[in-house]
Number of protein chains: 2
Amino acid sequence: VTVYLVGAGPGDPDLLTVRATRLLARADVVVTDRLVDPRVLRLVAPGALVVDVGKRAGATDPAAAQARISAQLVEHGARGVTVVRLKGGDPFVFGRGAEELDALRSAGIDVEIVPGLTSALALPALAGVPVTERGVASSVVVATGHDVDGAVRAVLAAPRDATVVLLMAVANRGAIAARLLDAGRAPSTPVAVIERGASSQERRIPTTLEQLGDAEIESPAVLIVGPVAARLEAHDQKEVAPSQDRAVATVA
Amino acid sequence: VTVYLVGAGPGDPDLLTVRATRLLARADVVVTDRLVDPRVLRLVAPGALVVDVGKRAGATDPAAAQARISAQLVEHGARGVTVVRLKGGDPFVFGRGAEELDALRSAGIDVEIVPGLTSALALPALAGVPVTERGVASSVVVATGHDVDGAVRAVLAAPRDATVVLLMAVANRGAIAARLLDAGRAPSTPVAVIERGASSQERRIPTTLEQLGDAEIESPAVLIVGPVAARLEAHDQKEVAPSQDRAVATVA
């Protein structure tokens with residue numbers, strides 16, 4: 001294997017898999033995304049080449065940017081060195097991992113997939129929200145809020161007792177909430193928002209469908225819609241990584 | 001914190017989180033389930049008490065069995081020692097973690113949740129199946145096949161391009177497939193089955209909705225229904241953990 005598609009999890013390096021930490025320590029090249037936590041990158045061996053494709057890609061033409069990333073992976077992979085392609089969360093849960101896998105395989109390069117904790121499930125868990133709960137939530141739907149129609153369809157199609165987790169929904173939260181209210185969903189439907197989850201800046205915001213559009217939320221955030229959202233717990237400082245605590249103490 | 005609700009992931013110990021391995025190494029008591037891979041339990045420190053509640057619980061009355069497990073956790077937690085409650089996959093994805101969390105909190109015991117990789121997402125990834133793919137699968141639904149009605153509802157409600165992952169669906173696979181065919185789903189709809197995933201006995205079975213009832217499948221298995229299921233890759237022996245390889249070699 002020369003290229004590893006590795007999930008970096010939600011942020012805290014302790015939530016990486018053992019396999020991911022080992023691969024980061026022995027990679028020659030690490031190709032990383034904007035969403036990967038800087039603390040995770042500290043696990044890369046000194047001397048390894050770290051390529052941040054999140055910044056280089058630009059936002060004007062996502063398809064062209066993705067093609068450039070795939071081409072870079074093929075280029076590094078063809079050299080026969082150990083390449084780790086690091087993606088926030090899980091490479092196959094809205095990570096466009098399939099496109100990179102296909103590009104690498106087409107070029108005859110061996111690829112191994114190392115799944116990671118997706119923010120869609122791990123951040124609710126860390127905040128005390130079980131996405132399934134006996135008698136309360138019998139299924140979970142993960143969708144993106146990038147496209148308003150798709151997000152509205154996913155929420156409305158889901159059984160009433162399902163938990164719906166929306167990723168990349170901050171910009172469209174008002175439009176999505178308005179459409180769900182128009183479709184007859186109760187204004188009091190609980191919504192839990194976890195902003196900058198598993199980082200030292202994590203904020204947990206309990207809200208409702210009616211209040212969602214006006215709530216102050218910044219990207220990246222995970223939105224949880226459904227009965228379990230009411231279980232959101234206040235943020236517990238113990239979950240902040242020790243190194244971050246020290247940094248804050250030094251500043252203060 | 002005295003009790004940690006920890007996800008043990010899909011089986012391979014390299015797919016545990018770093019935090020889970022550290023907690024297993026320093027736990028005084030580990031309370032484990034039937035579904036946890038024996039290789040994961042080898043990470044428990046010598047001298048720690050390992051309680052297997054999967055075997056003791058019995059199948060006659062699940063609610064009573066669950067109440068007994070919660071009572072045991074409270075008992076150990078109240079002693080002030082470090083207790084790890086280990087669950088296959090993720091504690092909050094069909095793991096009944098919420099019930100144990102509530103029982104412990106009600107007893108005044110501090111609890112921390114350590115999410116794990118759920119088989120529902122990690123096993124497809126390891127088998128080359130992206131649960132989301134641009135232009136192919138725009139959302140993912142995770143449901144249980146334990147209840148035929150619920151599983152059928154989850155599949156039929158999902159948008160046509162969604163990926164539906166069913167856990168605990170082996171026994172009811174024929175009934176679920178028949179109901180979906182009756183509802184007009186195409187007999188050729190691809191279904192990917194991953195049996196005993198992330199273990200040395202892993203089997204990957206590509207099938208269709210029409211063939212699912214007759215396919216030979218044993219529990220535990222994950223069923224993937226949707227367009228991405230056609231991407232299931234043949235099993236790659238490289239994914240078997242080295243320790244298992246050695247054991248097999250010694251026997252042969």
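Ala78(B) is exposed (over 50% relative accessible area; buried is under 20% and partly exposed lies in between, with a 1.4 Å probe and protein chains only), its relative accessible area being 60%. Ala78(B) belongs to helix H4 (residues 62–78) of chain B, where helices (H or I, at least four residues) and strands (E, at least two) are DSSP runs numbered from the N terminus. Its C-alpha atom is separated by 22 Å from that of Gly95(B), 17 residues apart along the chain.

The model is predicted: local features need pLDDT of at least 70 and side-chain atom pairs count only at pLDDT 80 or more, whereas totals for chains, interfaces and linings use all residues. Residues are numbered from 1 along each chain as its sequence is written, chains are lettered from A and ligands numbered from 1 in the order in which they are written, and side-chain values use heavy atoms, with hydrogens and water left out.

An open sheet of 10 strands with mixed pairing runs in the order E9(A)-E8(A)-E10(A)-E7(A)-E6(A)-E6(B)-E7(B)-E10(B)-E8(B)-E9(B); strands pair if DSSP finds at least two bridges between them. Strand E8 (residues 190–195) of chain A pairs with E9(A) in the antiparallel sense over six bridges, and Ala192(A) stands opposite Pro206(A) in E9(A).
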